[in-house]
Amino acid sequence: MTNQKPPTWFWVVSILAFVWNLLGVGAYLSQAYASDDVIAQMEQAMQDLINQTPAWVTAAFAVAVWGGALGCLLLLLRKKLAQTVLIISVAGIVVQMFYNVVMSNSMEVYGPGGIVMPIMTLAIGIALVFLAKKGTAAGWLS
């Protein structure tokens, strides 16, 4: 049983983070299950980027977003397991972003602005791990 009631800001942040991660789940589903017709309507560089993405990167994307959504749901349910799940999500983010930034030509396809989303995603993921750690230490999570 939890000892302490979380402050209002905890609930606000957890709900916003859950919505953020659900948007990530939507992005994953639209990318992973994009039909050939949808892909064919994209610019050639984007088609090449999608078609050359290894399965392990798509799997890391799935771990990142589904783990993030589950971790945030666990925050809302006030469960300590949220921290472990969010750490796994961050690992997925790191693997996916390493490929996107270092191993692929995604920066050429997306341009300089293409680095903003990976940095923001990683920062939010890490912040959520610290939120879960704080929640456990404060007795908000059990």
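Is W11 buried, partly exposed or exposed? In this predicted model, where local features need pLDDT of at least 70, side-chain atom pairs count only at pLDDT 80 or more, and totals for chains, interfaces and linings use all residues, the residue W11 is partly exposed, with a relative accessible area of 27%. Here buried denotes under 20% relative accessible area, exposed over 50%, and partly exposed the range in between, with a 1.4 Å probe and protein chains only. Residues are numbered from 1 along each chain as its sequence is written, and side-chain values use heavy atoms, with hydrogens and water left out.

The protein contains 7 helices and 0 strands, and its pattern along the sequence reads α-α-α-α-α-α-α. Helices (H or I, at least four residues) and strands (E, at least two) are DSSP runs, numbered from the N terminus. Along the principal axes, the C-alpha atoms fill a box of roughly 55 × 25 × 25 Å. Of the 142 residues, 36% count as buried. Among contacts (heavy atoms within 4.5 Å) with a separation of 6 or more, 80% are accounted for by residues 24 or more positions apart.

Two packed helices are described by the angle between their axes and the distance between the axes. Axes are lines fitted to C-alpha atoms, for helices over the stretch in contact, and angles run from 0 to 180 degrees between N-to-C directions. Helix α1 (residues 8-32) packs with helix α4 (residues 55-76) at an angle of about 155°, the axes being 8 Å apart. This angle makes α1 roughly antiparallel to α4; angles under 35 degrees count as roughly parallel, over 145 as roughly antiparallel, 65 to 115 as roughly perpendicular and the rest as oblique. The crossing of α1 past α4 is left-handed, a term applied if the near helix is turned anticlockwise from the far one by less than a right angle, whereas clockwise gives right-handed. The contact of α1 with α4 comprises 21 nonpolar, 6 polar and no charged residues. In this classification, Ala, Val, Leu, Ile, Met, Phe, Trp, Tyr, Cys and Pro are nonpolar, Asp, Glu, Lys and Arg are charged, and the others, Gly among them, are polar.

Helix α1 also packs with helix α7 (residues 116-137), at an angle of about 140° and with the axes 12 Å apart. That angle makes α1 oblique to α7, and α1 passes α7 in a left-handed crossing. On the α1 side, W9, F10, V13, S14, A17, W20 and N21 take part, meeting M117, M120, T121, I124, L128, L131 and K134 of α7. By class, the contact of α1 with α7 divides into 10 nonpolar, 3 polar and 1 charged. N21, situated in helix α1, counts as buried at 8% relative accessibility. Apart from neighbours within four places in sequence, N21 is in contact with A64, V65, G68, A69, C72 and L128.

A pair of aromatic rings is described by the distance of the centres and the angle of the planes. Rings of Phe, Tyr and Trp (its six-membered ring) pair if their centres lie within 6.5 Å, and planes under 30 degrees apart count as stacked, over 60 as edge-to-face and the rest as tilted. The structure holds 5 aromatic pairs. One of them joins F10 and W11 edge-to-face, at 5.4 Å centre to centre and with 80° between the planes. F10 is buried, with a relative accessible area of 0%. The rings of Y28 and F61 have centres 5.4 Å apart and planes at 90°, so this pair is also edge-to-face. Because Y28 lies in helix α1 and F61 in helix α4, the pair ties together parts that are 33 residues apart in sequence. Y28 counts as buried at 11% relative accessibility, and F61 counts as buried at 11%. One aromatic cluster is formed by W9, F10, W11 and W140.

Most residues other than glycine have a negative phi. R78, which is not a glycine, has a positive phi of about 60°. R78 is placed in the loop between α4 and α5 (81-103) and is buried, with a relative accessible area of 19%. M97 is found in helix α5 and counts as buried at 15% relative accessibility. Leaving aside neighbours within four places in sequence, M97 is in contact with V102, P118 and T121. M97 and L122 are 25 residues apart in sequence and, C-alpha to C-alpha, 8.5 Å apart in space.
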